[in-house]
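Look at the sequence and the model below. Then follow this short tour of helices, cores and a sheet.

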Amino acid sequence: MKAINLLKELIAIPSFSKEEHKTANAIGNFLNRESIEFTRIGNNIIAFNLHFDDQNPSILLNSHHDTVKPNDGYTNNPFEAIEQNGKLYGLGSNDAGGPLVSLLASFLHFYAKEIPYNLIFIASAEEEISGKNGISSVLEHIPKCELAIVGEPTQMKLAVAEKGLLVIDAIAKGKAGHAARNEGENAIYKAMEDILKIKNFKFKKSSNYLGENKVSATVITAGQQHNVVPESCHFTVDVRVTDAYSLEEAFEELKSQLDATLTARSFRLQSSFIADGHKMMEVAKSLGLPKYGSPTLSDQALIPFDSVKIGPGDSARSHTADEFIELKEIEDGIETYIQILEKYMNHQKIEK
């Protein structure tokens with residue numbers, strides 16, 4: 001009930017990315033009531049288990065408390081926590097309030113126990129925009145972790161790989177001329193040639209869990225006057241990169257096939273995966289957790305050590321009108337998180 005009540009409190013507080021200070025206050029107040037010390041960095045909350053020991057390996061428990069803005073399809077008040085027919089409605093209930101409070105409840109379960117691992121709980125900000133004041137701004141304040149469990153709505157299926165994101169700005173260059181005469185080189189036509197290549201482009205490598213990289217042209221801009229042949233055409237390329245590639249490798253392979261000048265906006269949001277021989281994979285097998293590769297981005301992309309993504313709720317409900325999570329999903333999520341941690345902390349890795 002503590003987890004459910006906290007989630008209801010969080011739903012009632014608008015917490016759009018970069019505006020999460022009030023939900024950070026609420027999470028901090030909750031930890032104060034539980035007599036748990038924490039550190040706040042911006043709108044990120046960090047807590048360590050009571051018997052934290054530098055000599056022990058560490059596990060990170062992470063989820064986010066920012067949300068997207070509600071869409072126009074809502075019939076409920078998005079900031080009212082409505083409990084009805086075993087469901088809890090409200091913005092952020094599913095993405096990612098349910099996973100957040102479930103991970104926090106699991107952290108509380110182990111908080112004062114003598115355990116062979118350190119547990120670090122981080123409620124992060126700016127996840128929905130992969131902002132620089134989110135998880136990446138606090139990682140330097142925690143030790144390197146053996147494993148991160150990232151709470152997102154996955155129906156408690158284990159995402160063992162996640163696609164990264166590469167956004168590319170492209171410029172096709174032509175030569176200006178009068179549209180009434182056969183002058184100039186039309187940059188739109190040059191861009192179209194590259195865009196057709198993108199439409200049919202196949203990367204050379206694929207991933208066991210995530211399949212092929214996905215590349216799409218998503219924005220195009222050219223010209224200022226109807227009677228002037230445009231000298232440049234700008235377009236944007238969205239590339240979802242599997243664990244078979246680093247972002248840099250994907251960029252170079254695509255660049256080699258296109259004539260436009262390409263500039264990557266960043267190489268921050270790398271793909272992630274966990275190796276088949278990792279202890280977490282053995283734990284997942286022992287618990288019968290289904291494994292899959294996730295096409296959607298999370299804070300995993302910014303976490304520089306081995307990680308998995310798992311949580312109560314359903315990704316298909318994220319960012320939809322009248323978002324909800326089932327109360328039973330939260331109850332089962334807490335139980336499964338605790339089982340994962342117990343198994344992981346006490347599991348002797350099988351040597352191959």
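In this predicted model, G98, P99, S102, L103, A105, S106, H109 and F110 of helix α3 meet I330, I334, Y337, I338, L341, E342 and M345 of helix α7. To meet is to be in contact, with heavy atoms within 4.5 Å. Helices (H or I, at least four residues) and strands (E, at least two) are DSSP runs, numbered from the N terminus.

Residues are numbered from 1 along each chain as its sequence is written, and side-chain values use heavy atoms, leaving out hydrogens and water. As the model is predicted, local features need pLDDT of at least 70 and side-chain atom pairs count only at pLDDT 80 or more, while totals for chains, interfaces and linings use all residues.

**The helix pair**

Two packed helices are described by the angle between their axes and the distance between the axes. The axes of α3 (residues 93–110) and α7 come within 9 Å and cross at roughly 45°. Axes here are lines fitted to C-alpha atoms, for helices over the stretch in contact, and angles run from 0 to 180 degrees between N-to-C directions. α3 and α7 are therefore oblique to each other. Angles under 35 degrees count as roughly parallel, over 145 as roughly antiparallel, 65 to 115 as roughly perpendicular, and the rest as oblique.

**The cores**

Which residues touch the most other members of the largest nonpolar core? They are F107 and I149, in a core of 54 residues. Helix α7 (residues 327–346) gives the largest share, nine residues. A second, separate core has 25 residues, including I168 and L254. A nonpolar core is a set of buried Ala, Val, Leu, Ile, Met, Phe, Trp, Tyr and Cys residues joined through side-chain atoms within 4.5 Å. Buried means under 20% relative accessible area, exposed over 50%, and partly exposed in between (1.4 Å probe, protein chains only).

Leaving aside neighbours within four places in sequence, F107 is in contact with residues including I36, F48, L119 and F121. I149 sits in strand β7 (residues 147–150). Not counting residues up to four places away in sequence, I149 touches L103, Y337 and L341, among others.

Is I149 buried or exposed? I149 has a relative accessible area of 2%, so I149 is buried. D54 is a contrasting case to look up: D54 counts as exposed because its relative accessibility is 65%. D54 lies in the loop between β2 (44–48) and β3 (58–64).

| Pair | Apart along the chain | C-alpha separation |
|---|---|---|
| D54 and P143 | 89 residues | 8.4 Å |
| I149 and S307 | 158 residues | 5.8 Å |

**The sheet**

Four strands form an open antiparallel sheet in the order β13-β15-β9-β16. Strands pair if DSSP finds at least two bridges between them. β13 (214–222) and β16 (261–264) are the edge strands, each pairing on one side only. From one strand to the next, the twist averages 25°. β9 (residues 164–173) and β16 share four bridges.

Helix α5 (residues 247–255) lies across β9, β13, β15 and β16, at about 30° to β9.

**One more helix**

Helix α6 (residues 279–287) has buried residues K279, M280, M281, E282, V283 and A284. They pack against β7, β8, β18, β19 and α7. After α6 comes G288, with a positive phi near 70°.
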